[in-house]
Amino acid sequence: MTLRDVLLTLHIAGAGTWLGANVVQAVVPPAAARAGQQTLAGWYRITSVLARRLYMPAAVLVLLTGIFMVLGSDSYSFGSTFVTIGFAMIVVGAVLGMVVFGPGGEKAADALETGDQGAAQAATSRLARWGVLDTLLLLVTIMAMVLRLD
């Protein structure tokens with residue numbers, strides 16, 4: 001096993017964690033809602049924690065392993081299209097985490113706990129829309145990596 005193999009394995013694991021967590025965040029809210037408003041509020045509190053404790057480490061892992069793989073490569077560079085797309089996705093993901101998902105999870109939880117259905121609907125809908133966009137962009141990024149778009 002080479003260093004590149006280790007880096008690529010960690011890179012894929014980080015991206016898989018990001019994508020898998022996005023899928024979980026799309027699937028859990030309806031089930032949590034069926035269990036009650038307090039359960040759903042708890043879920044949204046957890047999503048705001050995930051922004052810091054799961055997504056950020058996964059993104060840092062993807063970023064660092066990506067940088068080291070480019071530095072060790074003779075066949076692609078920081079100017080390669082797929083590498084640029086990867087960096088852009090890290091920036092988009094970080095901004096969404098800080099601006100949308102972290103604060104949005106707290107807003108949704110607060111609204112659900114106080115019974116403000118209008119605010120809860122607005123917050124959860126916003127999170128869902130941005131979550132779909134983040135997931136689609138992540139899938140495009142993964143496709144760019146697999147195809148090594150240049």
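Helix axes are here lines fitted to C-alpha atoms over the stretch in contact, and the angle between two of them runs from 0 to 180 degrees between N-to-C directions. With that convention, the axes of helix α2 (residues 37–71) and helix α3 (residues 81–114) come within 8 Å and cross at roughly 165°. The model described in this report is a predicted one.

**Overall architecture**

The secondary structure of the protein comes to four helices and zero strands, and the order of the elements from the N terminus on is α-α-α-α. Along its principal axes, the C-alpha trace spans about 60 × 25 × 20 Å. Of the 150 residues in the protein, 36% are buried. When contacts with a sequence separation of 6 or more are considered, 73% of them are accounted for by residues 24 or more positions apart.

**Helix packing**

The crossing in which α2 passes α3 is left-handed, and the contact of α2 with α3 has, by class, 16 nonpolar, seven polar and four charged residues.

The other pair consists of helix α1 (residues 3–35) and α4, which pack at an angle of about 150° with their axes 10 Å apart. This angle also lies over the cut-off of 145 degrees, and α1 and α4 are therefore roughly antiparallel to each other. The crossing in which α1 passes α4 is left-handed. On the α1 side the contact involves W18, L19 and N22, which meet G131, D134, T135, L138, L139 and I142 in α4. By class, the contact of α1 with α4 has five nonpolar, three polar and one charged residues.

**Salt bridges**

The count of salt bridges in the model comes to four.

| Salt bridge | N to O separation |
|---|---|
| R4 with D5 | 3.9 Å |
| R45 with D110 | 2.5 Å |
| R45 with E113 | 2.6 Å |

What do the side chains of R45 and D110 form where they meet? They meet in a salt bridge, at 2.5 Å from N to O. R45 lies in helix α2 and D110 in helix α3, so this pair ties together parts that are 65 residues apart in sequence. The salt bridge of E113 with R45, in which the closest N and O atoms are 2.6 Å apart, also joins two helices: E113 lies in helix α3 and R45 in helix α2, so the parts tied together are 68 residues apart in sequence. Salt bridges that share partners join R45, E106, D110 and E113 into one network.

**Residues in and after helix α4**

L137 lies in helix α4 (residues 117–147), and with a relative accessible area of 32% this residue is partly exposed. Which residues does L137 touch, not counting those up to four places away in sequence? L137 touches M89 and V92. Although L137 and M89 are 48 residues apart in sequence, their C-alpha atoms are 7.2 Å apart in space.

R148 has its place in the segment after α4. Phi of R148 is near 45°, which is a positive value in a residue other than glycine. At a relative accessibility of 40%, R148 counts as partly exposed.

Notes: Residues numbered from 1 in each chain as written. Predicted model: local features only at pLDDT ≥ 70, side-chain atom pairs only at ≥ 80, totals over all residues. Heavy atoms only, no water. Left-handed = near helix turned anticlockwise from the far one by under 90°. Nonpolar A, V, L, I, M, F, W, Y, C, P; charged D, E, K, R; others polar. Buried < 20%, exposed > 50% of the residue type's maximum accessible area, 1.4 Å probe, protein only. Contact = heavy atoms within 4.5 Å. Parallel < 35°, antiparallel > 145°, perpendicular 65-115°, else oblique.
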